[in-house]
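Visitor: I would like to learn how to read a structure like this one. Where do I begin?

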Amino acid sequence: MRFTIFKRIASGYALIMMMVIFMGIYVTLKLIQLTDLNYKIAKVDGAMISMGEHLLESLFSQAGFEMKYMVSRDPDFYKEFTSKKAVFTEALQQIRILSDSAVQRQFTADILSQYNTYILLFEEESAFIKENNQPPRKEYLEEREASIARVDEALKSLIKDVRLKRDEKVHHSSTISYRVIRVTVVTAALAIGLGILISFYITRSIGKPVFLLGQKTREIAAGRFKKINDIHSPPEIKQLAEDFNFMSERLEQLDSMKLDFISHVSHEL
């Protein structure tokens, strides 16, 4: 079954529309993915790095208040130390909520464990100092330094991991952007090329038979009655060619009858 002109045009443009719809769906999905990645880079990873750096500052500030309290026994320094503890714990909990991998959650657990060890050491030494009215013991100072160093190392490891994941997301975001541009350009080029080919094919399948019909019409006008054979065209034009052949055949019969009539009249005269 041969396609009609309408079906040819509809099929061609339906194919182009399918390509455009595919491109639209693909680009939309990738834009959603890019939006999610950019949100994580800006809001999640950025916030975790900022809070991690703030925790480092808070840790050493708290350690400073701790030593001041140990030396002076001033309760104001103890209050500052306690307030820093609440801030540190709350910020660490927020980091744990934002963590999107088991590695980062393990880092936060290690930080909290080491930090609690440091706080416990301080509380025990503080109670000992109050009871015995003595300066901090050497053993405490050594354990304190080691505990703070472990918290510091765990925090820096967490920040390094978050930065690494952020860089991976930035690279992945760039890759997605490149793919979206490439798919958009290729699909648009294919759609344009396909549109040109379809237009050329449809125009050629219609124009050539119409030109042939015009040529045969001029031949009939000149008295040469010839049929159109083996015409490759849409069904509408093929039917028109068959009607043209039928008309040509009838005109040839009429012309033959006219010649016979003139010949007969001439003979009688």
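Guide: We will go from the overall fold to one helix, then to the core and the surface. Keep in mind that this is a predicted model.

Visitor: How many helices and strands are in the chain?

Guide: The chain has 5 helices and 0 strands. Along the sequence this gives the pattern α-α-α-α-α. Of its 269 residues, 31% count as buried.

Visitor: What span should helix H2 have, and how far apart are its end C-alpha atoms?

Guide: H2 covers residues 75-98, and at 1.5 Å a residue its 24 residues should span 34 Å. The end C-alpha atoms are 35 Å apart, which agrees. At the start of H2, a side-chain oxygen of Asp 74 comes to within 3.0 Å of the backbone nitrogen of Asp 76.

Visitor: Which residues of H2 are buried?

Guide: An α-helix has 3.6 residues a turn, so residues three or four places apart point the same way. In H2 the buried residues are Phe 81, Phe 88, Ala 91, Leu 92 and Ile 95.

Visitor: Which residues touch the most other members of the largest nonpolar core?

Guide: In soluble globular proteins, nonpolar side chains tend to be buried together. Here the largest nonpolar core has 31 residues, and those touching the most other members include Phe 88, Leu 55 and Tyr 115. H1, H2, H3 and H4 each supply at least two residues of this core, and H1 gives the most, with 11 residues.

Visitor: Is Leu 29 buried or exposed?

Guide: Leu 29 lies in helix H1. It counts as exposed because its relative accessibility is 54%, and the cut-off for exposed is over 50%. Together with Met 17, Ile 21, Ile 25 and Ile 32, Leu 29 makes a nonpolar surface patch of about 510 Å².

Definitions and conventions. Residues numbered from 1 in each chain as written. Predicted model: local features only at pLDDT ≥ 70, side-chain atom pairs only at ≥ 80, totals over all residues. Heavy atoms only, no water. Helix = DSSP H or I, 4+ residues; strand = E, 2+ residues; numbered from the N terminus. Expected span 1.5 Å × (residues − 1). Buried < 20%, exposed > 50% of the residue type's maximum accessible area, 1.4 Å probe, protein only. Polar contact = N/O pair within 3.5 Å; in protein donor to acceptor, adjacent residues only side chain to side chain. Patch = residues over 30% accessible without salt bridge, like charges linked within 9 Å, V, L, I, M, F, W, Y side chains within 5 Å. Areas by Shrake-Rupley, 256 points an atom, 1.4 Å probe, with all protein chains shown as cover. Salt bridge = Lys/Arg side-chain N within 4 Å of Asp/Glu carboxyl O. Core = buried A, V, L, I, M, F, W, Y, C linked by side-chain atoms within 4.5 Å.
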